[in-house]
Amino acid sequence: MHRDTRMSELRNKEIEIQVIAHRESTLLMGYSDDLKGLLVPARSLSELQERLPAAIRELLEAQGFEVVSVEAVHKDHLPDSFVPGKLTANARLIAA
């Protein structure tokens, strides 16, 4: 019986996302030095957290990874009116 060995290649990747706010509008922008090309606009922190996983998945898949899951994590529990300096995303990957 042939066993799929890909599960042994499963790994976690933590991606730090910087969050900046436009001075004259409510626009937020999430970007990361850990994942080249990641640039996600949003009107609120909640919207940014909703949009990040799909953007991260798309970029990682373009780099040849099989993505099992992506979750944006906001470790500080601040209301949307407070913009944090960073978020963290956790991606579970299988190397291609």
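Helices (H or I, at least four residues) and strands (E, at least two) are DSSP runs, numbered from the N terminus. By this criterion the chain contains one helix and five strands, which follow one another along the sequence in the pattern β-β-β-α-β-β. The structure is a predicted model, in which local features need pLDDT of at least 70, side-chain atom pairs count only at pLDDT 80 or more, and totals for chains, interfaces and linings use all residues. Residues are numbered from 1 along each chain as its sequence is written, and side-chain values use heavy atoms, with hydrogens and water left out.

The pLDDT, the predictor's confidence in each residue on a scale from 0 to 100, averages 81 over the chain, and 78% of the residues score at least 70. Among the elements, β3 has the highest mean pLDDT (96) and β5 the lowest (81). Where pLDDT is low, the predicted coordinates should not be read in detail.

The five strands form an open sheet in the order β3-β2-β1-β5-β4, with antiparallel pairing; two strands are taken to pair if DSSP finds at least two bridges between them. Strands β3 and β4 (66–73) stand at the edges with a single partner strand each, so one side of each is left without a neighbour in the sheet. On average, neighbouring strands of this sheet are turned by 25° against each other, direction ignored; axes are lines fitted to C-alpha atoms, for helices over the stretch in contact, and angles run from 0 to 180 degrees between N-to-C directions.

Strand β1 (residues 10–21) is paired with β2 in the antiparallel sense over four bridges, and Q18 has Y31 of β2 as its bridge partner. Strand β2 (residues 28–31) is in turn joined to β3 by four bridges, also antiparallel. Here the bridge partner of Y31 is L39 in β3. Strand β3 (residues 39–42) has a covered face comprising V40 and A42, whereas L39 and P41 make up its uncovered face.

Helix α1 (residues 45–62) lies across β1, β2, β3, β4 and β5 (86–94), and runs at about 160° to β4. Contacts (heavy atoms within 4.5 Å) between residues 24 or more positions apart account for 48% of those in the chain with a separation of 6 or more.

Buried residues (under 20% relative accessible area, against over 50% for exposed and in between for partly exposed; 1.4 Å probe, protein chains only) make up 29% of the 96 residues in the chain. The accessible surface, from the Shrake-Rupley method with a 1.4 Å probe, comes to about 6,600 Å², of which 49% belongs to carbon and sulfur atoms.
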